Every structure is written in C-alpha cells, then in structure tokens.
There are 2 protein chains.
Amino acid sequence: MTTVPPAGPAVPEEPLPAVGSSPRTDAEALWSARYGWDTESRAGESPQAPGIAAVTDVIASQLAHRSVRRFLPDDVTDAQVSAMVAAAQSASSSSNLQVWSVVEVRDPQTRAQFADLAGDQRQIMAAPVFLVWIADLARAYQIAADAQAPTEGGEYVETMLVAFLDAAIAAQNAAVAAESMGLGLVYVGGVRNDPAWAAALLGLPQRTFAAFGMCVGHPDPARPSRVKPRLPQEVVWHRERYDLAGQSAPIADYDARMAEFYAGQSMAGRWTARIKARLSGPAAMSGRETMKRSLQERGFELR
Amino acid sequence: MTTVPPAGPAVPEEPLPAVGSSPRTDAEALWSARYGWDTESRAGESPQAPGIAAVTDVIASQLAHRSVRRFLPDDVTDAQVSAMVAAAQSASSSSNLQVWSVVEVRDPQTRAQFADLAGDQRQIMAAPVFLVWIADLARAYQIAADAQAPTEGGEYVETMLVAFLDAAIAAQNAAVAAESMGLGLVYVGGVRNDPAWAAALLGLPQRTFAAFGMCVGHPDPARPSRVKPRLPQEVVWHRERYDLAGQSAPIADYDARMAEFYAGQSMAGRWTARIKARLSGPAAMSGRETMKRSLQERGFELR
C-alpha cells in the first residue's frame, strides 16, 4: 500500500539554522562528540579548538572511532585480515626489530575459551575474528640460538617494553585499516587476566606474551555504540613542560560531562570514581596483579 | 634555451606492458615496496597476497609510511598538533583510563638537549616539533590523592604496562593523522636512553615516564627516505596457533632481501645480524639496560 502525502507546502528536510547560529561542519560535529560537547549541558555550544580546521578525511574517521561489541554474523575475509596485517607491519618498529606477532583466532571453541578467560566478554564469540597481539621475543631468540649467539639483552625490562610497544603500535595501525574497510573492533585487555591459559590456547612458545586481543567484525547497525568522550585536550597536551596542577579544573568539567554520558547509557558513577576504583588495589585488577610473575614464567626475566 | 623535440613517431610516455604481464596497480606497487618485492632479485615479479585487493585509500597511505628524518624549515601549526592530539585521544584507551600525556617541545635548546640525550639524533633539531609521549599515572594518583583514596593498584607491573600501551596506541593514531596532513615523522626510542634527564627537561612529576619521542615536520622532498621492507606476512601472522619453526625459511628470504636493501643505502650487514647485535647484551642497549631501576626511581614500583 502506498501512502499518499497530504497536499500542502513543502516541508524542508532539515531544520533551518536558528538565527545567529550556523550549522556545524562535519568536523565540528565529530569533535563535539569526541569531547562531549553534545551532552545536554553543552548542547548547542560550538566546540572551540584550533584543530577542527585541520581535520582531514582520515582524522574525521579517527574522531568517529567507537568500540564495537555488537556484530553481524557476516564473515571477515582473508583479504581483509591480510590488509590489516600489512597495515600493522607498515607501522614504525623500534630499530626494525619487528618483535611482535599476531594470532588470528576463528575457531569458535577457542574464542569461547577466550571469552571466559577475559571475564565473560561475549563479543569475542560474536565477532568472526579474534586477533591476539603478541609481544614476541621468541623469533629474535631463535635467530640468536641458530647462530649460538648470546641473548643476555633479551632479559632486560627495556627489551620487554620494546616488544609490547611494537605490538601496540602495529595493532593500532591494523585498527585504523579495519575501520577504513567498514569493519568495527574492540580491544580486549582481558587476555592478560590469565597469561598462562592464553599461551596454552595459542601454543605460544617461551618469550612470547599475549599482550591484548582485538575483536573484528561487521558492526551491527541496529545496535550502534556511542563515541566515548575524552578528557579536554588541555589535560593531556602539554607545551614545553608537563603541568599537573592545571589539570584539576578541566578534569572536574570532564567528570561532570561523563556523569551525563554514563547516565545516558543507564550507568551510574563518575569517571574519577572509576579511576579510583582501578587504582585501589589488587582486588580490582581481574587477576592481573600477578603480571610480574606471569612475565617471568613466560621467559621475560625483567632484569 | 628550449629543446625542440626531434620529429618522428610519438613515443608512449609509459612503457607498454610485456606480453603476458599487466601493469601493477597502485596497491600492488605499494605492497611490493613494503615487502621488498621491488629489490633487484625480485624486480618484475608480482607480489601475491590476498590483501592487495582489499587495500583502501587509508591502507595505501599506511603502506607508504616511511620514517622521515629530513625536514623543511616550514612550521607545523598549532591546528595541526591539535588535530594530532584529537586523533590520539580518539584511539582506544584501556578502560578509558587515559593514562598517557604528550609534551610538545618546540624550544630549540630543549630539542638540542633531547638530540644529545637520544644519541646525537640530529633530526630532533631539524623538525620544528618534537612530541614526547608520556606513560602517565600521575593524573590518576592525583585524583586518588585528592580523595585520600588508596593507590596500591598503581604499583603493579600491569598498571605500568597499561600506561605504556595506552601511550603507544594514542601515538600511532597521531602518526596516521600527521601523515594525512602531509606531515612526516619518526619515532625516537632514544628518549629512554636517560629517563632522569628526559624527566628533568620536561618537568615530569613522579609516576610519569617519557616512553618515546616523535619528530614531526614537513618532509624535505629533495631528501626522501625509502619505505623499509618488512618480514613476509607468514612470519608475523599466525592462524589459530603460533608457529615458530615455520618462520625460518621466510626469515632467510627476508634476510637476503634486506641485504640488498641495506646495500642500496650504502650500509652493510644483514637483518639477522642486527637482531643478534641487539640481543647480545647490555653493551648494545645505549644505557637502557637500567630501565628497571629508572622506572622504579620514577615511581613505577614494578610489583
């Protein structure tokens, strides 16, 4: 049955801008969402930031990033994962050491175990692909072992850090690549809740460590996630010297805005309360208070 | 004086493809450079990878990434740094803790000191902006202190790692943003050569740590850098379970290709030799063998 529109004057499809205001550009709208200028207490205000004028298409898509936990059943292709890996490898690597790897997990039973391991994170089962990013000194040790060369340098905290930093920088390039293909993702730090279990699931050799996971799939448009507002730029961006005292007022402002954001998601609490909870002690660390021992057991001596 | 072209049949501007071959697409050319398929021993071969067909404009620019150490004197604007910071903040943050900061250094004297600190890295003076990415628990500690809340959770290796991972993920988004604006950059791990000096230069409070630097500027087109080939995908990309034994043959292949690459840059040696050198022991670590103590002195207890 076709609905016949009533006769009458044409209705404009978009509301006209109010007198004295101008419509927001896309960059302004994305910036507003990223910094919580679209919460109720600020609605209608225009964000002020020099960077808005410099936003490229790429930066626009970065501003629009949101963690995706609801996925369609559609597959992620081998070509898409290959392109993500190529992007990851194209990121900078400390001295070109390339001390990272990634394990692609598609097997539903393995994903179910990772979901349990990470604290009942169901999105690991919902996404067709679960990537586990590995801080990887095993390859370097193997190269040295093949030549009967010394490996003392691998025992230091610094070398462990390089492997974790390399993995993170690579993974973020893969994340940007995935989003450019229309895919969605969420990082999963919960793979660190039980490093020995994660290693067993992936057959990890000594001197490799599952740093974090990443669910990848097609976002379910019926269950979209929201952009999470971040701290005002002045809190994280310092000129010439670090300023701690100046952060208090903008943090309080952010805290109020995040309370609105959480309320809109039917969640209680404040951002600063979450920070305090996380810092409170080992009971709030989901098992990760044993990380030092876990690293040492997996061959990162932490000298 | 104008050169008059000789009369005769029109010469095609691009060589015609040889019989049985087809011209490379842009994605194939970028992929070839990234994986060293354009070295002499492989010239003319077409790279085989499923991902080539999935390359988006964003992934193409990621594939084209190269570290830039030669800059024009042109300024990087406040708007450009602001857009980089917004991109950095738009990246995922573990539990939205946002335990990182960035210090923008423009002062030439400070940059000169960082160049010394990092081991005579002159590009820090050549680039107008030097960003220092900070693993930052100081903000969280301050929030807890203001409420007289406990902070034992901040003492664990896990919490230190989260701060470093957050900083790296943020920084890589900023790097992608910078390149989308036509800027070039290079990471500088050398800021970790002397963490106490770096902290003094930036006025860093306890529980912040200069994780790495990043030179940002306009690439000098007269002194372009080359894309550095990476390991074959099969070395770093594992399916379902990690495979160490299967890496030997493709690593040997890469080692040969990198020897060609280094020779083209008037450098000697092999990639595996560099790996062995780095792993050899503290003498090859530029002072970073003291990282454990440095972290502890800066308030990261490493429990």
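## The largest cavity

By class, six nonpolar, eight polar and one charged residues make up the lining of the largest cavity. Nonpolar here covers Ala, Val, Leu, Ile, Met, Phe, Trp, Tyr, Cys and Pro; charged covers Asp, Glu, Lys and Arg; the others, Gly among them, are polar. This is a predicted model: local features need pLDDT of at least 70, side-chain atom pairs count only at pLDDT 80 or more, totals for chains, interfaces and linings use all residues, and side-chain values use heavy atoms, with hydrogens and water left out. Residues are numbered from 1 along each chain as its sequence is written, while chains are lettered from A and ligands numbered from 1 in the order in which they are written.

The volume of the largest cavity is about 110 Å³. Its lining has 15 residues, and B:Ser61, B:Gln62, B:Ala175, B:Val176 and B:Glu179 lie nearest its centre. Two or more lining residues come from each of α2, α7 and β3 of chain B. The most come from α7(B), which gives five. Helices (H or I, at least four residues) and strands (E, at least two) are DSSP runs, numbered from the N terminus.

## The other cavities

How many cavities of 30 Å³ or more does the structure hold? There are five. On a 1 Å grid over the protein atoms alone, a cavity is a set of points where a 1.4 Å probe fits but cannot get out; a pocket is an open set with protein on both sides within 12 Å along at least five of seven lines; lining residues have an atom within 4 Å of a point. A volume is the space filled by probe spheres set on the points, which are joined across faces, edges and corners.

The second largest cavity holds about 90 Å³ of space. Residues of both chains line it, including A:Leu97, A:Glu158, A:Val162, B:Ile275 and B:Arg278. At least two lining residues come from each of α7 of chain A and α11 of chain B. By class, this lining has seven nonpolar, one polar and two charged residues.

The largest pocket contains about 1,300 Å³ of space. It is lined by 46 residues, and A:Ser67, A:Arg69, A:Lys228, B:Ser95 and B:Asn96 are the closest to its centre. Four elements each supply at least two lining residues: β3 (184-188), α10 (248-264) and α11 (271-279) of chain A, and α7 (157-180) of chain B. The largest share is five residues, from α7(B). The lining splits into 16 nonpolar, 16 polar and 14 charged residues.

The second largest pocket contains about 1,100 Å³. Its lining has 42 residues. Nearest the centre are A:Ser93, A:Ser94, A:Ser95, A:Asn96 and B:Arg69. The most come from α7(A), with five residues. By class there are 15 nonpolar, 15 polar and twelve charged residues.

## Aromatic pairs

Over all chains there are 16 aromatic pairs. Rings of Phe, Tyr and Trp (its six-membered ring) pair if their centres lie within 6.5 Å; planes under 30 degrees apart count as stacked, over 60 as edge-to-face and the rest as tilted. The ring centres of A:Trp100 and A:Trp133 are 5.7 Å apart and their planes lie at 40 degrees, so this pair is tilted. The pair joins distant parts of the chain: A:Trp100 is in strand β1 (residues 100-105) of chain A and A:Trp133 is in strand β2 (residues 129-136) of chain A, 33 residues apart. A:Trp100 is buried, at 4% relative accessibility. A:Trp133 is buried too, with a relative accessible area of 1%. Buried means under 20% relative accessible area (1.4 Å probe, protein chains only).

B:Phe164 and B:Phe209 have ring centres 5.7 Å apart and planes at 50 degrees, so they form a tilted pair. B:Phe164 sits in helix α7 of chain B and B:Phe209 in strand β4 (residues 208-217) of chain B, 45 residues apart. B:Phe164 is buried, with a relative accessible area of 1%. For B:Phe209 the value is 0%. In chain A, ring pairs link A:Phe164, A:Phe209 and A:Phe300 into a cluster.

## Charges over rings

The charged end of A:Arg239 sits over the ring of A:Trp237, 3.8 Å from its centre. A:Arg274 lies over the face of A:Tyr262, at 3.8 Å from the ring centre. The rule asks for NZ of Lys or CZ of Arg within 6 Å of the ring centre and within 35 degrees of the ring normal.

## Helix α1 of chain B

Which residues are buried in helix α1 (residues 26-34) of chain B? They are B:Ala27, B:Glu28, B:Trp31, B:Ser32, B:Ala33 and B:Arg34. These buried residues pack against α3 (78-90) of chain A, and against α2 (57-63) and α9 (233-236) of chain B; contact means heavy atoms within 4.5 Å. Just after α1(B), B:Gly36 takes a positive phi of about 70 degrees.

Definitions and conventions
Buried means under 20% relative accessible area, exposed over 50%, partly exposed in between (1.4 Å probe, protein chains only).
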